[in-house]
Amino acid sequence: MAVSDSGLATPVSPRVRAKTAPLFTWSPALEAEMAPLYARVKHIITPMEWPHYAPLIKSINALKAQRNAVILAHNYMTPEIFHCVADFRGDSLQLAKEAARTNAKVIVQAGVHFMAETSKLLSPEKTVLIPDMRAGCSLASSITPEDVRMLREAYPGVPIVTYVNTSAAVKAECDITCTSSNAVQVVESLGVPRVLCIPDQYLAKWVQSQTKVQVIAWKGACEVHERFTGEELRAMRADEPGLKIIAHPECPPDVIEAADFTGSTSGMINWVKDKRPRKVMLVTECSMASNVAVEVPDVEFIRPCNLCPHMKRISLENIYESLVHMQYEVTVDPDVAERARRAVERMVNLTN
Ligand code: 13P
Ligand code: SF4
């Protein structure tokens, strides 16, 4: 039995094999060499599973060197990706900044499609790969460029701030992007009384609670965070005395009201590392707790969480295939890219 990302004990099921055989195979020598990496994930990966992962991890790390590639991993990646093959880990803003900074020739985005597009916008000369093109986002698919043009007509002169969780084509129609870690700063930087903040209605509501600027929202929502309820959180508190609850701003307002802290994924991780609560519940995607747990062994994680089906499309197996076959390349139409880049760079320069 193992503790899965849902926090429940589940029978170990055999993992899907990579289609291409790994460069390395399991052996006592490999086991010894990989022991320090196993130490970082042994709270979540069983000794039975490790012989499957270890050869893939070694193969991915060797291929990265051959290809001059880096892996940018979002905080929602599973622990074997996050701790064993990622070169940079972080929230959307940190990954965007890293994409602009890296000297590598190839970026493998261990995250969702809008993140890979952002990397391509900031590093147009690099090859940006995503291991599964289907890794989307309910927020990104909630709004189109035509919708943004319609908003411009309806609200003439009102600047449009778009969450990075949108397509490049949507960003190209907007004035500036924001992430969950800088949304309030971005909105206030514009120096106007009213802004449109798209597409996440809950992020917009949270920003509104933090600023005097009037924030006009779109109707999008994250399918992972909108499932949490304030009632569920209050019930958890009643069951777990001393529990601290921290939430992502994509959650509905009653959830944020019931939480002790609200912040981006990295903001939440830093809060746990800094405050060291005895017991904590991260109201967000399941893998976050697994990833941070290794760094704070004194903290107990209470784990009702929701999985993001899009983030979970990325696996060690398809990262390996991605580096072997240089697939799947993310490109952005040059005209769209030029306009979208302006909106992203304006945000990055503001927060640098
Ligand atoms: P962060 O920028 O906080 O990492 O959020 C990205 C995301 O998709 C959360 O659902
Ligand atoms: Fe999109 Fe929500 Fe998944 Fe983040 S967690 S990628 S916002 S669907």
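Ligand 1 is surrounded by His74, Tyr76, Asp91, Ser92, Tyr163, Asn165, Ser180, His225, His248, Glu250, Ser264 and Thr265; a residue counts as near a molecule if one of its heavy atoms lies within 4 Å of it. This is a predicted model, in which local features need pLDDT of at least 70, side-chain atom pairs count only at pLDDT 80 or more, and totals for chains, interfaces and linings use all residues. Residues are numbered from 1 along each chain as its sequence is written, chains are lettered from A and ligands numbered from 1 in written order, and side-chain values use heavy atoms, with hydrogens and water left out.

By class, the shell of ligand 1 holds 2 nonpolar, 8 polar and 2 charged residues. Here Ala, Val, Leu, Ile, Met, Phe, Trp, Tyr, Cys and Pro count as nonpolar, Asp, Glu, Lys and Arg as charged, and the others, Gly among them, as polar.

Some of these side chains reach oxygen atoms of the ligand. A polar side-chain atom of Ser180 lies 2.7 Å from an oxygen atom of ligand 1. For His248 the distance is 2.8 Å. For Asn165 it is 3.2 Å. A polar contact is a pair of N or O atoms within 3.5 Å. The protein covers 96% of the 300 Å² of accessible area that ligand 1 has on its own (Shrake-Rupley method, 1.4 Å probe).

Now turn to ligand 2. Its surroundings are Tyr76, Val112, Cys137, Ser138, Leu139, Asn165, Cys222, Val224, Glu250, Cys308, His310 and Met311. This shell divides into 8 nonpolar, 3 polar and 1 charged residues. Tyr76, Asn165 and Glu250 stand around ligand 1 and also around ligand 2.

Last come the domains. The assignment, automatic or from a database, gives domain 1 (2-135 + 311-325), domain 2 (140-222) and domain 3 (225-301). The C-alpha centres of domain 2 and domain 3 lie 26 Å apart. Their contact (heavy atoms within 4.5 Å) takes 11 residues from domain 2 and 11 residues from domain 3.

Note on methods. Polar contact = N/O pair within 3.5 Å; in protein donor to acceptor, adjacent residues only side chain to side chain.
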